[in-house]
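Here's a quick walk through a protein chain, one piece at a time. Have the sequence and the 3D view open as you read.

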Amino acid sequence: MNTQATPSPQFYLTAPAVCPYLAGELERKVFTHLVGPRAAEMNDLLTQGGFRRSQNIAYRPACEGCRACVSVRILTGEFIPRRSMRRILSLNSDLVGTMMPAQPSTEQFSLFRRYLDDRHQRGGMSDMSALDYAIMIEDTHVNTRLIEYRKRVPGEGIGDEPKGELIAVALTDQMSDGLSMVYSFFNPDEERRSLGTFMILDHINRTRQLGLPHVYLGYWVKGSAKMHYKTRFQPQEHLTARGWERFVDEDGELP
């Protein structure tokens with residue numbers, strides 16, 4: 001009988017740093033490495049426990065005296081898009097989304113740089129090189145996919161390889177209970193399309209087609225304007241000290 005113990009993940013704590021979401025706050029994170037044959041299984045368990053993935057690292061906030069970061073997942077089986085969301089789906093009906101292996105390309109990086117230069121000039125990713133981008137995409141031991149969204153070319157049929165302009169990309173982990181959106185970016189000149197919302201709606205549809213219940217959106221931070229959009233996708237659950245609970249706003253009504 002094999003009595004060798006299964007290696008357990010080792011967790012580490014970062015030093016305090018300036019919080020990117022709430023003014024005057026400091027953040028700390030607990031993290032571990034996602035490597036080896038059990039990486040996909042561990043990613044599932046940690047994501048369901050409130051962690052996020054970045055390359056081969058899984059992390060979650062561990063801030064002293066602050067619990068503002070809340071993990072969010074959409075209940076796809078009950079989701080009904082609002083009228084404004086249906087308009088966004090209609091507006092983007094000319095797009096073709098293709099799921100593929102997590103392999104970087106020059107075309108993707110060019111779009112990625114345009115997105116960063118327009119939206120995140122002072123962010124921590126602002127100086128990322130082509131090599132940095134390739135590492136972000138490829139440095140993974142879990143079931144990771146890229147979804148490319150391209151404009152449909154006239155005459156392009158179902159099953160044809162999409163050849164139109166690339167306008168959005170999502171890096172996504174496929175898990176046992178749904179899809180986890182790791183990172184996404186898009187052409188900033190296409191603002192009227194609301195591509196961020198569209199990609200979330202597309203992930204909801206894809207998760208339903210897989211027969212799975214959840215789309216993980218990462219963290220929602222109450223009081224952070226840049227995170228407010230996440231609560232628009234109802235119904236959803238938030239991870240609390242009591243486990244995953246259906247989100248209800250302060251007035252007791254769903255937004």
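## The E13–E14 hairpin

Strand E13 (residues 236–240) runs antiparallel to strand E14 (residues 243–246), and the two pair over 4 bridges. Pairing here takes at least two DSSP bridges between the strands. A hairpin of 2 residues joins E13 to E14, and Thr-240 sits opposite Gly-243 in E14.

A word on where this comes from: the model is predicted, so local features need pLDDT of at least 70 and side-chain atom pairs count only at pLDDT 80 or more, while totals for chains, interfaces and linings use all residues. Residues are numbered from 1 along each chain as its sequence is written, and side-chain values use heavy atoms, with hydrogens and water left out.

## The chain as a whole

The chain has 5 helices and 14 strands. These are DSSP runs numbered from the N terminus, with helices (H or I) at least four residues and strands (E) at least two.

Of its 255 residues, 45% count as buried, meaning under 20% relative accessible area with a 1.4 Å probe, protein chains only (exposed is over 50%, partly exposed in between). Take the contacts (heavy atoms within 4.5 Å) with a separation of 6 or more: 67% of them are between residues 24 or more positions apart.

## A four-stranded sheet

An open sheet of 4 strands goes in the order E1-E4-E6-E5, paired antiparallel. E1 (12–13) and E5 (52–54) are the edge strands, each with a single partner, so one side of each has no neighbour in the sheet.

E5 pairs with strand E6 (residues 57–61) in the antiparallel sense over 3 bridges. Ser-54 is opposite Ile-57 in E6.

Just after H5, Gly-211 has a positive phi of about 75 degrees.

The axes of helix H2 (residues 83–91) and H5 come within 10 Å and cross at roughly 95 degrees. Axes are lines fitted to C-alpha atoms, for helices over the stretch in contact, with angles from 0 to 180 degrees between N-to-C directions. That makes H2 roughly perpendicular to H5, the label for 65 to 115 degrees (under 35 is roughly parallel, over 145 roughly antiparallel, the rest oblique). Met-85, Ile-88 and Leu-89 in H2 meet Thr-197, Phe-198 and Leu-201 in H5.
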